[in-house]
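Please look over the sequence and the model below before reading on. The paragraphs after it are meant to be read with the structure open beside them.

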Amino acid sequence: MINIDAKNHVTGRSVYVDDMPEIKGTLYALPFDLPAAHARIKKINIDKAISSPGIIKILTCTDIPGENQIGGVIPDEPLFAEDEVHYCGQPAGIIIGESESECRQARRKITYEFDELPVITCPREAHGKGLLIIPPRTFRLGNSAEAWKDCEHVIEGTADINGQEHIYLETQGAYAWLKEDGSIYLASSTQAPTAVQFAVSRVLNVPMHKIEVDTVRLGGGFGGKEDQATPWAVMAALAAQHTQKPVKLILHRMDDVRMTGKRHPYSSDFKIGLSKDLKILAYEVTHYQNAGASADLSPAILERTLFHSTNAYFIPNVIATAYSCRTNLPPNTAFRGFGGPQGKCVIEAAIVKAAETIGVCPDEIQKANLVNDGDEFPYGQIMQDTEAVNSWNEAERNFALEEVKHRTDSFNMNNNRFKKGYAVQPICFGISFTNTMMNHARALVHIYKDGSVVVSTGAVEMGQGVNTKLLQVAANEFGISPSKVRIESANTLRIANTSPTAASSGADLNGKALKIACTNLKERLANVAVNSLGFTDVKFENDRVIDPASNKEILWEDLVIKTFQQRISLSEHAHYATPLINFDRTKEKGHPFAYHVYGTAIIEVTVDCLKGIYHFDSVKIVHDFGKSMNRDVDLGQVEGGLVQGIGWMTMEEVIYDEKGKLLTNALSTYKIPDIYSVPDEIVIEHLDSTGSDFAIYKSKAVGEPPFMYALGAYFAIRKAVKAFNPDAELSFNAPYTPEKVLMDLYRNHSQ
Ligand code: MTE
Ligand code: HPA
Ligand code: MOS
């Protein structure tokens, strides 16, 4: 089934917040901020701005009726700065005016008096000063202190991994208005309608039942709207409350890039020990996470970094410690993979460094240590239904790894200017919110008396195709054609207390709830068929309800109306919570994930050793989709995740100056992958795996895992660089931009 949004997307009919028909009298809001990353505020002069044409009101922290607090995990983040600012771009208030351009003109007239305070942008420096968001956490397995003695090789090093800007095509935004009883309607481009509702309630001092948050779709979220859609929605609602007028707040791209957080940069130290036969016996890692100025989701992201510190490998002795360090950057936030990619990146860097030191191929070490059934991860989960070895073997065989190696070697022997490199990249990603409490969802299904069906869940469509999958679930359960089903927006009045659509679990959680709702409705319909029509067995298929035993059948619509006439409810609201999962943070042990997603990629690259530029020849992937319920949607997720990951690993470079000002604040200075960056060849094969009962229809979650195949992009380039310049001492510092590649090609170069 094709993505139900496809046609409207390509014809431009899909409606985003800024496309909504505007109510007469709508006002516009624009945030303003100090030109400093860390400062004590003395005075904000708004008089000139207030009297600027078209300006209605300016709101600051003193205009907040409730709490000036939007921190979702830890209450450490004011909506509007009070006495101090802690990062460049921290909102100090909003200007409300009759047009956006008038707000912009007024913004230029605001002046600030402040005393600058020391700015910290480096997580290690923050750690040194004791500036931590939460106490450090450590996951342990076995006894690494003992294990070092048995190691033939012990290698230490550091890895630095930069952040990543989300560049969702639709910038952050919201549109708010008041209803007749003073309750609030809020259209928000958020992955987390309930989080928005809760924050509005807290800041505006209005109970949650008076706030309706509605989300039709996002023009991309990628984690950037899991927590950070909230402030803009709260500001729009606050402005509507103050002016009693509809208010729209849509961030301009440069404000969005400047004012919102990104993927967390990490700086990590590692020590890895291997036996003679390349078994990894011990691994110790310390991660310094650059959290930015407030907690946001950093503690949860830190946790996932720890969960994925050993990627797809079984290592018997592990100590993994992580510090969440408070710096003067915008609060960094969720981004596809949620800290997992950073955790995996370090173990991969450790393996590559070990391989280079020992004089073997990294893939020999990788292959020798893949996780198997019965192995224990440092967080205590005993692995079942692992597909790490299967996906590796399939990739090795189907994509002829030996040939890749020979091809690369002989090319490099015969070429000077160009060198080729390759890397094998296995992944293993845990599916479930790491916070067990969040793994639940609800679905509301109405069958109308004409037989048409409408479905509401808390799932937010952001391009990942969750609505298409939900529609498939309802159509499949009822045995009716997809055209009889509609998926409604995520709306807090229909579905309450939702978790964000995140952790790749949107289709699993909401799909399972929806399946329960459909099952319950089918039971009622089946009872009518049995009691009133004499069916002995009831099957729902092909828009009919049939009794295979007696060959009786009735049209779906006719059974629906019969049920209605018997005064039986055709509506159902169902709840699903993932069974079995648990995690005890006091012990750092448990069974946090419903299941894991696996896969293996082989990446080949050609580097131009004169220019430092490179091009990916191919990425070939064996991916564990389980029993994919929509191959086209899932392929799109793998391709998109891969290319987004290649961007992170190779070209996207977030740069702040020492005063905490973002230098890469637009697409002219921040390079994201385009069609020319896409590998010449992408092959994606389905691993023949059993799937998981915790996945909807055994169709495994696919949103985030493929992002991590791109880690291999870095190592493939590094291999080519080494082929040109074998003696270079290379650090690990992602992204591997052409500039850095060029430097490495001629680092300690003898010719
Ligand atoms: N795909 C598109 N097109 N747009 C997005 O914003 N977000 C990713 C992934 N794929 C995203 C996407 C992220 S970060 C997550 S967690 C999942 O989709 C969320 O959706 P799911 O839980 O339905 O997979
Ligand atoms: N993934 C994504 N978002 C989350 C998670 C997670 O594991 N935990 C809390 N929010
Ligand atoms: Mo995705 S980072 O869990 O929104």
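What follows moves from the whole chain to the surroundings of a ligand, and then to two individual residues.

The model is a predicted one, and its protein chain contains 19 helices and 30 strands. The radius of gyration of this chain is 27 Å, close to the 27 Å that the globule rule gives for 751 residues, so the chain is as compact as a globular protein of that length. Of the 751 residues in the protein chain, 62% count as buried, and the chain exposes about 28,300 Å², of which carbon and sulfur atoms supply 51%. Among the contacts in the chain with a separation of 6 or more, 79% are made by residues 24 or more positions apart.

Turning to ligand 2, one finds around it Glu 226, Arg 304, Phe 338, Ser 432, Phe 433, Thr 434, Met 438, Ala 502 and Ala 503. Sorted by class, this shell has five nonpolar, two polar and two charged residues. Which residues bring an N or O atom of the side chain to the ligand? The side chain of Glu 226 has an N or O atom 2.9 Å from a nitrogen atom of ligand 2, while the side chain of Arg 304 has an N or O atom 3.1 Å from an oxygen atom of the ligand. Thr 434 takes part through its backbone, an N or O atom of which lies 3.1 Å from an oxygen atom of ligand 2. Taken alone, ligand 2 exposes 260 Å², and the protein buries 98% of that area.

Thr 194 is found in helix α6, which covers residues 193-204, and it counts as buried because its relative accessibility is 10%, under the 20% cut-off. Leaving aside residues up to four places away in sequence, Thr 194 touches Met 208, Thr 492, Ala 496, Asn 497 and Thr 498.

Val 528 belongs to helix α15, made up of residues 506-533, and with a relative accessibility of 1% Val 528 also counts as buried. Again without residues up to four places away in sequence, the residues that Val 528 touches are Leu 533, Leu 559, Lys 562, Thr 563, Gln 566 and Ile 568. Val 528 and Gln 644, by contrast, are 116 residues apart in sequence and lie 51 Å apart in space, taken from C-alpha to C-alpha.

How values were computed. Residues are numbered from 1 along each chain as its sequence is written. Chains are lettered from A and ligands numbered from 1 in the order in which they are written. This is a predicted model: local features need pLDDT of at least 70, side-chain atom pairs count only at pLDDT 80 or more; totals for chains, interfaces and linings use all residues. Side-chain values use heavy atoms; hydrogens and water are left out. A residue is near a molecule or strand if one of its heavy atoms lies within 4 Å of it. A polar contact is a pair of N or O atoms within 3.5 Å; within protein, one must be able to donate a hydrogen and the other to accept it, and residues adjacent in sequence count only if both atoms are side-chain atoms. Accessible areas come from the Shrake-Rupley method with a 1.4 Å probe; for residues, only the protein chains shown count as cover. Ala, Val, Leu, Ile, Met, Phe, Trp, Tyr, Cys and Pro count as nonpolar, Asp, Glu, Lys and Arg as charged, and the others, Gly among them, as polar. Helices (H or I, at least four residues) and strands (E, at least two) are DSSP runs, numbered from the N terminus. The radius of gyration is taken over C-alpha atoms; the globule rule is 2.2 Å times the number of residues to the power 0.38. Buried means under 20% relative accessible area, exposed over 50%, partly exposed in between (1.4 Å probe, protein chains only). Contact means heavy atoms within 4.5 Å.
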